[in-house]
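Please look over the structure below before reading on. The report then takes up confidence, sheets and ring contacts in turn.

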Amino acid sequence: MLINLNNRPGTVHEFIALVDSESGKLEGFRDVKPDFSFISMASSSNRSESRRHGASSHSLSTTIPGSSSASSATTSCSTGSTIPSTSNASTLALTSSNSRRHVLSHINDIFKCTICFGRLEDPHLCPQCSKLYCYDCIGEWLDSGISQSCPNCKITLQIDQLVKVRWFDDIQKLQHNLRTLSTSDTEDTQLLKQTSTGTDTELCPMHGKLVNFYCSSCKQCICEVCATDVTEGRHRDHTFKALNVTYEQHVAMLNNELEKVEHYRDKLALLINKIDRNVALIGRVKHVKHKELEAIMVSALKSLDRQEEEKLAKLHAHQNGLLHEMEDIDLKLQTMRCEMTLCSKPELIQMKSNIFSVCNAIRMNPIKDFKQIRAQANLKIEIPHLFETGIFVVHNFSTFDDNKVYSNEFSDCLGRTWRIMAWCVISEDQFGIYLELVSGSPCWMECTFQLIHLDPEKTISKTIRQYFDRTPQKGWGLRDFVTLTTILEKNYVRDNDSLELLYNIRPCSPSDAPITLDADESLSEN
């Protein structure tokens, strides 16, 4: 069965699909000139004539590789032709690849719906002109009532007269194969170009022969004439090796050197990663110190407010007492003036002694000196002891076996020397963290330990307040800080087999309120 697949008027090529009449499978397609067209469902008597016509009107027939029709394709060569060289093979491969891409572009243009001009979905064709349409597009066209005919040939057409294109899936597979072959051809062409410029085609500058030997004595690549020339004797009594063997040896040595350089580069990359992690840890410590400064600021502001309230309370108490005394005096003055106004002259003379007594009593009450009342206009900024913050990295955690690992020694804000100890108790599935006083007087300490996780929400944080001295005791730290199972299963171990512990310690007193650091980014495991 030959079906005209020219779905675009005016295209450069038309394609003929070859369909097996019995099985209904697509065998391939052939492109012909645009003035040659077929009507679908052509008779078998016209099939051979059509193919002869197509073969004569086009010198090269293009078939999809991988189809059954591709097996009958032959490549004609002129008589007396020689085996193509590497450059000719590269040219032929490039030509074949370009031809496939050219065919592929026309296939993409052909298999489009004539109504929506998009990719065919459930394609159906007109039984008269073989134009391809999406089933939904032609159905909407016929159901709209505007026209009950084919958009191309105008023949009266009903929806049930459309022919479903059952071989369209085969066309899509062929398109995929063609794309794959085009890609592989491009890679092969590049490989051929690289081969053609390689050392295999190098010629001897003296004799024009292919270089195929290597002189180990003078370390030169030579041809067989140079090796066997007894007249000039340039390489007499020299040691020769096959060029291919020497080439492989040199390639192996160079690859070995390159591997060493790559190993060196990997070390540099590892060092860069460690630097990046160190930068990240410094940033984390800075973030914690910011939190500490914020907490100190809040504490200092509260202290200032408290001091102000205490001083103002005393001043307000004195002020209220004086105001009360002034009100009492005003009342007495008002009473005496009223009596003086209402009484007669003889009565006023009689009241004189009483008024003098009341006035003397008022004046006899001593007035306090302001120096006794005045509150000093000074406030102290009370800053709590600062935390000593750092990162303790426990290396080689996988080899950590019931032994103790100590951090470097560090000092607190009062000059005491401390160190952190990490201890695995495998039998109890516990990982403990302890603080040890190395030198200095015993004191109360507030300690916060954090087991850092890449996910901040999974960081484990615990705080203790304990009286520390130089006598070992359980109260020095947290024996059951976290289980070993949690460390392994929750991915607390870094890629370099290490744990990262952040510590915050500061001297305190039993009555000091704890300062919470980074509480919004950590959790406590009970």
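## Confidence

This is a predicted model. The mean pLDDT of the chain is 75. A value of 70 or more is reached by 71% of the residues.

Residues 1–93 have pLDDT below 50. The model still gives this stretch 157 contacts beyond near neighbours in sequence. Residues 517–526 also stay under 50. There the model has 33 contacts beyond four places in sequence. Where pLDDT is low, the predicted coordinates should not be read in detail.

Strand β15 covers residues 443–451. It pairs with β18 in the antiparallel sense, over 8 bridges. For Thr448, the bridge partner in β18 is Asn504.

## The three-strand sheet

Another open sheet has 3 strands, ordered β5-β4-β6, again with antiparallel pairing. Its edge strands are β5 (132–134) and β6 (163–164). Each of these pairs on one side only.

Strand β4 (residues 123–125) is joined to β6 by 2 bridges, and the two run antiparallel. Leu125 stands opposite Val163 in β6. Helix α3 (residues 135–143) packs on this sheet and touches β4 and β5. The helix direction makes about 85° with that of β5.

## Aromatic pairs

How many aromatic pairs does a search of the whole structure find? The search finds 5. One of them joins Phe410 and Tyr503, and this pair is stacked. The rings are 4.6 Å apart, centre to centre, with 20° between the planes. That angle counts as stacked because the planes are under 30 degrees apart.

The pair links distant parts of the chain. Phe410 is in strand β12 (residues 410–411), whereas Tyr503 is in strand β18 (residues 499–508). The two residues are 93 residues apart. Are Phe410 and Tyr503 buried or exposed? Both are buried.

## Arginines over rings

Two arginine–ring contacts follow. The charged end of Arg419 sits over the ring of Tyr406, at 3.9 Å from its centre. Arg479 lies over the face of Trp423, 5.6 Å from the ring centre.

Definitions and conventions:
Residues numbered from 1 in each chain as written. Predicted model: local features only at pLDDT ≥ 70, side-chain atom pairs only at ≥ 80, totals over all residues. Heavy atoms only, no water. Phe/Tyr/Trp six-rings, centres within 6.5 Å; stacked < 30°, edge-to-face > 60°. Helix = DSSP H or I, 4+ residues; strand = E, 2+ residues; numbered from the N terminus. Buried < 20%, exposed > 50% of the residue type's maximum accessible area, 1.4 Å probe, protein only. Lys NZ or Arg CZ within 6 Å of the ring centre and 35° of its normal. Pairing = 2+ DSSP bridges. Contact = heavy atoms within 4.5 Å. Axes fitted to C-alpha atoms, helices over the stretch in contact; angles between N-to-C directions. pLDDT = per-residue confidence, 0-100.
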